[in-house]
Each structure stands twice: as C-alpha cells, then as structure tokens.
Amino acid sequence: MDLTTSYMGLALRNPLIASASPLNGDIDNLRALEDHGAGAVVLPSIFEEQIVAEQREVEARTRVAATGFAEAQSYFPAPDDHGFGAERYLEIVRRAKEAVGIPVIASLNCTTPAGWADYARAIEQAGADAIELNVYFIPADLTMTGDDVERRYVDVLRVVKTATAVPVAVKLGPYFSAMGDMARQLTNAGAGALVLFNRFYQPDIDVATLRLSMEVELSTPAEMRLPLLWIAILHGRVPVSLAASTGVHSADDVFKYLLAGADTVMTTSALLRHGVGHMRTLVDGLTALLAAREIGSLGEIRGRMSQREMRDPTAFERANYINMLQGYHAGRAV
Amino acid sequence: MLTDRPLTDTLDGNTAVAHVAYRVNEVCAIYPITPSSTMAELADEWSAQGLTNIWGNVPVVQEMQSEGGAAGAVHGALQSGALTTTFTASQGLLLMLPNMYKIAGELTATVFHVAARAIATQALSIFGDHNDVMAARPTGFALLSSGSVQEAHDSALIAQAATLEARVPFLHFFDGFRTSHQLDKIEVLSDAQIRAMIRDDLVRAHRARALTPERPVVRGTAHNPDTFFQARETANPYYARVPGIVQSTMDRFAELTGRAYRLFEYAGAPDAERVIVLMGSGAETVRETAAVLQERGERVGVLQVRLYRPFSAEHFLAALPESCRAVAVLEQAKESGAPGEPLYLDVMTTLASAVAAGRRATVPRVVGGRYGLGSKNFNPAQAKAVFDELRKPEPRNGFTVGIDDDVSHTSLTSDPDFTIEREDVVRALFYGLGADGTVGANKNSVKILAEDEGMYAQGYFVYDSHKSGAQTISHLRFGRQPIRAPYLLESANFIACHQAAFLERMDVLRLAVEGGTFLLNTPHGPDEIWDRLPRPVQERIVEKKLRFFVIDATKVATDAGLGGRINTVLQTCFFAIAGVLPRDEAIARIKGAIEKSYSGKGAHVVRKNFEAVDNTLARLYEVRVPAEATSIVELTPVVPRFAPEFVQLVTARMMEGRGDELRVSQLPIDGTWPPGTAAFEKRNVSDIVAVWDPELCVQCGQCGFACPHSVIRAKYYDEDALGGAPAGYKSAPVNARGYPGVRFSLEVYGEDCTGCGICVEVCPVHSPRDPGVKAINLGPKAPMLDASRESIAFFESLPMNDRSRVDFATVRGVQFLEPLFEFSGACAGCGETPYLKVLSQLFGDRLQIANATGCSSIYGGNLPVTPWTVNGEGRGPAWSNSLFEDNAEFGLGFRLAADKHLELAATLLRRLAPDVGDELANAILDAPQERESELRAQRARVDLLKQKLAAMDGEAAHDLLSVADHLVRRSIWIVGGDGWAYDIGYGGLDHVLSTGRDVNVLVLDTEVYSNTGGQASKATPLGAVAKFAAAGKRTARKDLALQAIAYGNVYVAQVAMGANPQQTLLAFREAEAYPGPSLILAYSTCIAHGFDLRYGMQQQDLAAASGYWPLFRFNPVMRTVGERPFLLDSPRPTVSLEKYAYNELRYRSLANTDPDAAKELLAAAQQAVTEKYRQYEELASRGGERFHPETAPVGAAALMN
C-alpha cells in the first residue's frame, strides 16, 4: 500500500498530519506521533503578541519590581528573561527536528510585518522543514474592506516568502467573499499549501457571571462539511497543496477529505480527545479502508469526489443546498 | 561566559570578589545575608551554568541552614582537603566565629569573603561598618582589608595565594554597600593571571593534610591543663611569616598585573606631620583629600591598613613617616567601654613599644575617632576636619565625625562647603522609584559609558527602607580619570527627577551646581510646567541658573509600544543632555547598547527601541526659565501639624531624607521608638486607589480582611451620627437583621493605598449591570483626595465599635475590629501582612510579638516609621526583633517572664486580698479569660486593682502594681518567615514547641528568603526555581506541621487566607486559646513567586484546590472531648498541581529553560502532593488515641486554670 504523498514539496509517508496544538509542544508526544504513524507534525504557533506580553510580564515580575530595595537587587536567579521569548519556541523547533524524522512544520502568528519576517527567518534557521502561517485575524475594524483583509493575507505571505526559502502554507478561515479568488491570490503570491480551515475560537457569554467564556470547543465531524466543500472545489484548479483541517476523527473522515482532493489531512481535536495513540487508529483505519477497496495508492482516489471530477459539478453548488434541506425535514418528520 | 570577559569591566564589589573566589575554590558553603548575598548567588548561578574554576571543574555550591552551618560545612570540607570558601557579613560572621577558631587553630588554608556590615545593637543595620570584622579579630584568621572594588577583586586572589602558602586562614573584607554594591570600572583578572598566582604544589599540600583513612590521624582532641597552653603556642611561627608572605604575594601580583599593594600603604607628603590611619574605602576618601590639602601646602598623609591581622609592627613603622607628629586612627567600629577602638590600640601599642625599644625617637600624638557607622556617609570634609583637629595642640581623643554629638560632645565639626569634587567629572543624580526601573537603567548607563576606553564611571545607589513605592537615589560619576570618591555626590551637574511628586516634598535640587541641568519627568509640557512647580523649586532653578528640560516619559514610552516602561526613555534623555559624551556620540552609544541587548529578540525589537530613542529626543523639551520665581505653591508639610512633637522633630526629618542632620540627643538612648508613626507618613505611592460602592456592597468584610496595608476600615454606627458627616459621605444601612437605624461605612485610606487591587479581586459582588464593576474598585485618587481626607476625619470621629459586641468568629465581624498594624511599607499586594493585621485585630491590645529578622521585621520595624500602633486606650502590640536565628527562644523568654510575673502577681494578690478586697482578688484570680467580654471584664478588674494598689503603701503593694498587668492574659506570638522557622531558627523553634509553654508561632511562609531576594529555604517547593536553587529545587518542602504534630501537645494549623478566610480566623483563635504551644503555617504569596499579586488570594485558593497547600487544624484539645484531633479543612484536590504552579514564574521559568527537568520535577511534585494529601486524609481518620498523648499544661496555663 502506497500512502506517500507530497505536501508543498515535502515527501510524507502518509497524508496524516498532527496539526498545531499544545500536544505538539511536548517532544515525547512528537516522538509518539511519529511512532504511531503521523506523516508530519505542525508545532504549536509562535504568537508574536504572546512573546511580547510574556517578556513584559517577566520584566514586570523581575527587574522592574526588584530594583527598589537595598537587600534585594532581584528576586530570581539568572537568566533574566527566564526563557520567555522566541528562543523558547525556537528551541522546540530544534528539539523536534532532533527528535523525529518526519517533516516538522512550524506555525507562526504575528502582529507586525517585521515580526512575521524576523520570526520566519528564525524558524527556518532553527531547522523547520516548512512554515504554516496562522493568520488569525478578526477584522473588527468596521472601516476595513474585504480588499483590505485579503491584501493583509497576501502581504504577510509575501513578507515571509521574501524572508525564507522553506515552503510556506497559509492556514485560512472560511470567511472570504470569494474563497476561490483568495486561493488564487495566495497561490500567485507563492503559497506552497492552503490549510482549510482555521477554526477561529468564538466566545460565548456566561449568563451567570455576565462574562465572555473563551473555552475551546473541540471540533466534531459535522464541522468538516465546509472545508470538504472548498477542497472539492479547489482541487486541481489551483497549483498548490491542499491540507484539510477540521472535524477529522475517524479514518472515514480522512478518506472523505482525500476523495474531495486533499493532499494531506490534519487532525487535532481527535488527538486531544483520545490521545496521540489515535494517530495509529487513523493510519491503520485508512490503510484498511483502502485495502478493502483494493486501492494501491492515494493517487488513485485523491480528488475522485472533487468538483472537477464529478459528473455533476453543480452538486457542490447552491441548487443542491435546497435538496438537502428538504431531505432533512422529510427525515425528521418520519 | 565570564571567562571571555574583556580586560576591563564595570562590576560591583560583590561580583568582583565572587569572580575570583569562585575560580580558586572547589566548594562554596553559602547562606544569604545582606550585603554579601550576591556573592553566594553568583556562585550558585555559575555552578548551575557549569562554569568551571581554574582547574576546569565546576565548584560545588551548597546552601546551608545558617551561617553557623555554612562555617561547619566549610570546616569539614577543608578537613577533607577541598579548597573551600564562604561569603558572609555581620551576624552571619558572628555565627561563624566558633568554627573560625577551629579552622585557624588547625592551620587550615581558606579565605572567607566578608562584605563588612554593622552588628545589630540598639537596632539592626544592614549597612556597612567594621564591627563584624572586629569581632573576628581573636579567631586567628588573618584580616585583609580592601578599600575599593578593584582592590577587593585583587585582594580576593592575593588572600587565596597567601593562605595556601601561610596555612593561616584569611578573612578578606571590604565595605558593605559602599564597596560591595558600588559599580566601578575595573581591570578584570584573566584566568591565566589567576592561574599564575595559585601554586598547585600548595594546593596538593593542602589536600595532603586532609583526613583520610589511608593515612589516618586524629584531629580535634581535648587537651588537659598539661598541654593545651603549649599547643596553643605552636602556631606562632606561622603567624610570624604571614606579613612577609602577603607582601611577597602582593609583589608577585604586581609583576603579573602592574597593580602594586603594600601591607600598610602610605600616601601623602613624605614629610607629613599629620597622618590619618584607617582601613577600607574611607582610605580612598582621605587619600584624595590629603592630596588636595598637600597641594595647598599642608604636610598631611594617610596610612591605609591592608593586612590588619597579623599586625606587623615592623611594616607599620616603616610605612609611617618619621616626621609625623600627630596621628588620628579612624575606625568604622565602636567598642563601648574600651580605652579606644581596636586599631587605635594597635597603633598606640606599636608606637609606644617602638619608642620603648629605641626603634623610634618619639611617640606622636595619637588620637582615635569613629566614622561611618552603619554606612554613614564619610566625605572629604570629614577627612579634612580630622586633619584640622590634628593641628590643634590638644586634639580630641575618642572623637566622632559625620554626626552632631551634642550629648558626649565627641563630634568634630566639618566644613559643609569643603568639597574636592573634580570639575572634569560629570556628576549625575537621579531620583526615582524602585518600580520605575531608574536604578536598573542607571546601572546600564554606567556600564555602557564605561565601555569607552579612557572613560571611567562609578555608580552608587541609595534606597529608602520601604518595599513598595520606595524612593531610589542614584549617584553616578563619569570622567576621564579613575574615580576615587567612595562617598555620595556633593554636587551634581545633572539632576533627574523621574517622579514629579518628589518635588513637592523634598529639596531635589539642593546639590545642583550653577549652570547645571535639570530633567523632570512630567505630563506637563514646557509651556505649562513652570507655573506648576513649587516655589522653592523655582527658586533653586533661578538661583542656580539651571537648564531645565521636561519629558513626558510615560506618554513617550506608551506611544513607542514599550508598555509604559519609562526607564529607556529617561536613560535616553540622560545620554542626550547630561554632557558625558557629545550628544550624537552618546545617542549612537545607547543605540549600540540596544542593538547588543535586543538583537537576539529580532530586528524589529531593535527597531522599536530605536524608534523610542528617536521619539524621546523629539519630545524632550527645554523650558524657558523666567527671571524669577513666581509660584504660589509651597512644599507639602512632611507630617501633619497635629503629629506629636517627636514625630515633627525626628521622624519627619528622617522621612524627608534629612536624618543625617539629627543630633545624638534627639535619638532614643536604647532603641525604644514610639509605635504608630506610619500613620503620619502619607506616602501616596499609587495614583489609583480602592473606591467603595455602598450601593453594591454586601458588607462581607472580605476586602478589609485581605487588604495588606490596612487601608480599608469598617464601622457601624447609629444613623444619628451622620448629622455631622461631610457632604457626600458614603454610608449604607447595616445589612444585618435586628439593627434598625444602624449604618455601615467602609473607609478607604487612599493616601496609604498601594493600588494592589487585591480587594477588588476578593470582592464577591458584581454589578448586575456591569459585571466588571464590583463593590470595591480601583479609581483615580487625585480627583477625590480632598473629599477623602474629610471623609477619613469624620470616620475617625465615629466611635470605635465595642469589641465585646463584635463577632470574632466571622470575617464579617472582624472587619469591625481596629487593626493595630497599619500602612506598612511592605510590597504592594504582600501576602504576609494580612495575617499580621488580623492578629492585631483579634488580640492586639494584649499582644506581645517576638519577630524574627526578615521581611516582617523590616516592614514591621525599619525606621523612619512603625506600623505597629495603639488603640484609643493607648494599648497595642508590644513588638521586638532580636535576631534571625533566635526568635523562638526570644519569644519563649517573653513567656517565661510573663509566667513568672503572673505567678508573682497571683501570689501577691492572694496575700493582699484582705487589703484590696477578697471579692475583687478572687474575681481576678478565678476569672475566665477566653471570650472578649471576659477579657474586657478582667481588664476592668485589674484597672480597679491598680487604682487601689496605687493608693496603698508597702512593698507588696508596690510589687504587685509592677506586675499586675500580667493578670490580664497576655497573648505571646512568635512571628517570622520560613527562612527562620525551617532553617536558621528551626532548632530553637523545635525546642520551644517541646516546652509545652503557651506561645503561639506564626510562620509567614513565602517558601523563600524573601527579604534578601528570594533564596531557597527548606520550605521552597520541589520544582520551583529560586536563588540557590537556580536549576530548580530537587527536594520537597519540609513538612514542619507533621513534625510539630508528632509532639502531640502542639496545636498546629495550616492556613491560606485566600482559600478559606474563615478557617484562617478559626485557626488563629484556636491557637491563641490553646493553653500550650501553637504553630500556624500561613501561606503567604510573595513578589518572589513571580506573578501579579493582585491575584494573590486566587492563587492561594488554587494552592489549596490543587492539594499543594491543604488546609488543616490539629487541635489536641479535641481528644479531651472525644473528637478526632486532626481536621482536614480543604477538600480533595480538584485541580492539577500544574494549574496552580504554572501561574508563577518560579515554576514556569524552569519549564522554559529546562523543559525536561521541569516535566520530571512537576511529575514528582504532583506525586508528592497526591501522597501527602493521602497521608493527611489518613491522619484525619485517626481517633485521638492514635496520637502522642497530651501532657499537662505548663506555666500560665497551669496557674490560671
């Protein structure tokens, strides 16, 4: 069985990628993921904002607070930065590269153009095989236009591409007026892959305390429909790798994404829910599914259910939406 | 790595010494004590980093439980052949003395490095003098003195080389703070130079003398009268050789480095008539002064003593010019009752012996004098005063300089206008706050500028005694010649005031030179600032023709994205306008430094800081100074006019930084100071303060309970009392049933509030309309200051609530008890002080406290003010600090005396019962004294008794009157931190708990030595990083509670106010009521934990919720009522240890720097927590019969029950 796949030029032994999550910050987990068959790993994001905030916090807790009293010139031993700062993340990249043989993709989230470039360069120097841009961005400024938002993504990508030579993936949210055009713009700007989709954490309101609740809800398989749709639409129509992300819990889900046209399939929630050993379940499950259908390689099925390959391309478009809703109601009425 | 240092560097004395000591030793046994702690900290850090000594191995650094322990470990390591050192000062050195006699008696090579510090006498002083070193004179250690950072660096090596050759141990000392903390540009010894000074054959000889079973010997025998004396004399030849060895070592050192030293270094006129002899940094001041006087034609000189013991008369006589007619021996020490201080006696003896032996023709006139005790500034004017005194026909002996002694009239008067400050030296003075980073920025500036070849720099930093809102004054000198001025600036070309509020309460510009530069950080621009300045400030600016600049540093820093850090902005201003370097060159230099510091953090970080520099320059404005002062704003009085006379005359002077001007007669003779003076010091350290919302408040008392600074007070009162209330006075109906017409008010003492925000976080109420609003919130102080003062005055006029009607059992009730501990200078958000405040509320009027040295003795008793105060009856906590190591014993002494005097009082009362009335006598003797109402009743009876006794004649009546106060049950508390309880004072604490006496021990457990800067104690938790545990602590904290429980008759409680204030309250009351020893371990959040203390109470809650700090009480009394004595008050852990621990830098630091170790330690710590909780659960299930049986009460408990 040939599960190998190419992801923005990286050769993966299979399409399953453990996407960015706190799990992947632990080197033991990375080793376990490799042992359990992961094709690649994405490290937790470097957040420029977090680095700056942490550095300020450390400064507030150590040097600034400490220089006003004769008996205590400080309250902590060296080093002064206590390991906070980019170096901590870069060390994870270095250690990950030492620990595993599968490709290591670093994820980056910055707030300033210079930050994107600096950290991307540092990540490359630390040995990452590729970079995933986690452009986590809510355009809450009401004067910002759709063009502005799109330009922001493209500009970030250009800055990073200029700064580094490693392949760069862009992880996107689904909220673009014209996702297809956005995908084209990013491809033209040098993206090696598009990761569909970023799940923006959405706040809830706690009615008891009247506060925002920021608890993270893990994804469910029901959420995979939207990325599935866009992967199916984009497959074969933009010269870029497509990574499916969101809702991958079982080998069936992986199989679906591959059928829609994904080059790789990412999972986080299932690993958080079931542990890193679940990677083995997915890989073995995929192998069994393919074997049962006597499929010898991924190439045979990738994109088989994409819009381009479908006999009825409109199946992915609006007309079908009406049918679905009708069918749903009919089902409930029984 | 230090080994890659350039040849010159800017270091403080501690670092300069540690640099050498670390490299020439194999073992360091350490213990923290100011001002020497930095040396030990550096050794520990370097060892953790794997830095090697000159033999290529990493020295072992071991923290001990006390300096006594450190000396013992040193002794053992030396006896086992390792090159071993230690670092200490003051009381620490005293604790080492017994071992030092042994080490010297056994002719063992070692060097102890001492940052010389005052010994606690009528008061503690952390500052420098030579009294500690003088106490070590008889130990047999050679004493080698250094007078500057460079000398200390060099002598550290000379001492090590000499001790190996001489076999006599050395104590190398330098002035605490003045040298240990002064930043100086020095030439740093290379490892090759160090290597060349240390002879390996001598190292191997040292090892060969070690104890070994291969060549066994017996050492440490006991002698009988037949041989002890002779054996004591065997070592004399070794001591005789020391001066020669030290001088030859110095000569060898000079060949290697070009820096030459003499045992007795003379400088001055070769034909000097008047000579000052002294040791330490003062010698540099006298040398510079003598040089100036010599230029004026005066025949003066100075003899600096380096090798003080063994005292070489031969070398001394050779160094002292024959022409000398008068000698003043200056000492930074005092020996009461002696014919003179030690060096004076040595000099006298030497000269007299020389004349008697015909080696010198005459004895010059020799006088002795004292200077610089407790780091009193010693300046050239004082040195000149001494030279002038020597010119008199009858110079005074036993004089003092630097003070006005109007009692014994010892002091010499110095000319305040005499100064030798060099005009080619730029002198810069900075007034800042501890929290604004001024000191850090100035240290950085000194280092940056001193990097320039041919530029020399000096930095010295003066701090006030508060831990929150502390004022810092930085004294910086820059010049093209080496700077030899170890005294505070006498005049300044540049003065920066980083906090505009200082201008209103002190004369910031006093030292400005004419034509100097003044920089003010203020939100007011160049066109509006002038009219806002107090008149005296304007007058100074005009009179001294100052160039005046303003910058809004907070705004510039915020705009530049520096998060409000003003230090970089103000540092840039200094570089731009102080004139140390041409402006462009200076700016280039600061940018160079930024690039060096931040390049590792990314080019954009460097760019952002560059932008901040450019923005600073663009927004630094010069103010056009009018021809004359026009302001009508005067300086704010330091203390209110109604303050007592002593506060006006003494305390206020100290508060405004003019304590140096106080005369001897103005100060208490025996260290006794009035309580309650903190209330007069309105420090206004925070612009945002707590603001009460009476509409929302549920009157629960949580905010006042948790407030670390006692600024939140509550009273209930009859609504009629509101008749005289100022407009807008905040009040609400009391929300308890059955109190119609009764109102409640919460008062916030805004000028004393530090804005820590703990009250806001513990407030359980959220506004239903805006959940961000609580019943107490932080708001800007300025707009409500006047109204707040009126409100406080009215609040204080309301009657204090009757203690016998207050519910002591609830937090809600306790808020109505007056705190007798208030407005301390503890850190904003301190976790210790709320416990002390509660202690004072519950038992304050009959409380006697023994307080171990540490944070609580500093915020509790560091002058100028005292936070322990009195109630309306004039009663309150009687507080004293003895030492660090003896606090439990000190407190037990209180109990022993109280028990004895109670016994005496009871006996006398029984005898005098017919005279005072049987009914009264019996009522007093039989009175229950547990409830507050019972105590109030007993007080009334005792007051009546005292009235009767006062009117009676007879010895018995007078005697009873002198001890009658003991008939009211006294509450004796022994208070201290974990450094005391777990480490240095543990032996004493254990013993005191074993006595069965009725003492109450409160351990304010911050899990580190907080006061000295966060060194690990045995309470430091597994996995936390602390100084002396730089790689993470590898052992779990000691379970002091279980050890005490093992006695069976000790009441033990573990509390965390933030987790369960009610349980805290219960434990305090049970402990106090228990008629035997009690121990309370109180979890105290601390700045050394590394999180925002605003969330201190929440973090305490997590400590309990994670099972790390379970709450429990072990009450032996419960056995007598058939209950289980051990009660576990907190539930099984509901969150992981990580969830609690990783909120704190002390844990997260290791997770970042060594994730593998952190993971391993966290897992071990979690396991320890789980197991410990299981163990407590098992204890909680035991019946009373399964604990050590209780014994009969001892002392007062037996007498009165």
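**Notebook: sheets, helices and the A–B contact**

I began with a sheet of chain B, in which six strands form an open arrangement of mixed pairing, ordered β9-β11-β10-β13-β14-β15. At its edges I found β9 (264-268) and β15 (399-400) of chain B; each has a single partner strand, so one side of each is left without a neighbour in the sheet. I note here that the model is predicted.

I then looked up the pairing of β13 (residues 326-331) with β14 (residues 365-370), both of chain B, and found it parallel, over six bridges. For A326(B), the bridge partner in β14(B) is R365(B).

Helix α11 (residues 282-295) of chain B does so, touching β9, β10 (274-278), β11 (300-305) and β13 of chain B. The direction of α11(B) makes about 165° with that of β11(B). Helix α14 (residues 380-391) of chain B lies across β10, β11, β13, β14 and β15 of chain B, and runs at about 130° to β10(B).

I turned to the contact between the chains, to which chain A gives 33 residues and chain B gives 38 residues. On the side of chain A that touches chain B, the elements giving two or more residues are α2 (48-66), α3 (86-99) and α4 (113-126) of chain A. The largest share of that side, six residues, comes from α2(A). By class, I recorded 16 nonpolar, 10 polar and seven charged residues on the side of chain A that touches chain B.

I also examined a helix pair in chain B. The axes of α18 (residues 567-577) and α20 (residues 603-618) of chain B come within 9 Å and cross at roughly 55°. The crossing of α18(B) past α20(B) is right-handed. From α18(B), the contact uses T568(B), V569(B), T572(B), C573(B) and A576(B); from α20(B), N609(B), A612(B), V613(B), T616(B) and L617(B). I count six nonpolar and four polar residues in this contact, and no charged ones.

Last, I looked up a three-stranded open sheet of chain B, antiparallel in pairing and ordered β24-β26-β25. Its edge strands are β24 (712-718) and β25 (732-733) of chain B, each pairing on one side only. Two bridges join β25(B) to β26 (residues 742-748) of chain B in the antiparallel sense, and A732(B) stands opposite F744(B) in β26(B). Helix α24 (residues 785-797) of chain B lies across β24 and β26 of chain B, at about 130° to β26(B).

Key:
Residues are numbered from 1 along each chain as its sequence is written. Chains are lettered from A and ligands numbered from 1 in the order in which they are written. This is a predicted model: local features need pLDDT of at least 70, side-chain atom pairs count only at pLDDT 80 or more; totals for chains, interfaces and linings use all residues. Two strands pair if DSSP finds at least two bridges between them. Helices (H or I, at least four residues) and strands (E, at least two) are DSSP runs, numbered from the N terminus. Two residues are in contact if their C-beta atoms, placed from the backbone, lie within 7 Å. Axes are lines fitted to C-alpha atoms, for helices over the stretch in contact, and angles run from 0 to 180 degrees between N-to-C directions. Ala, Val, Leu, Ile, Met, Phe, Trp, Tyr, Cys and Pro count as nonpolar, Asp, Glu, Lys and Arg as charged, and the others, Gly among them, as polar. A crossing is left-handed if the near helix is turned anticlockwise from the far one by less than a right angle, and right-handed if clockwise.
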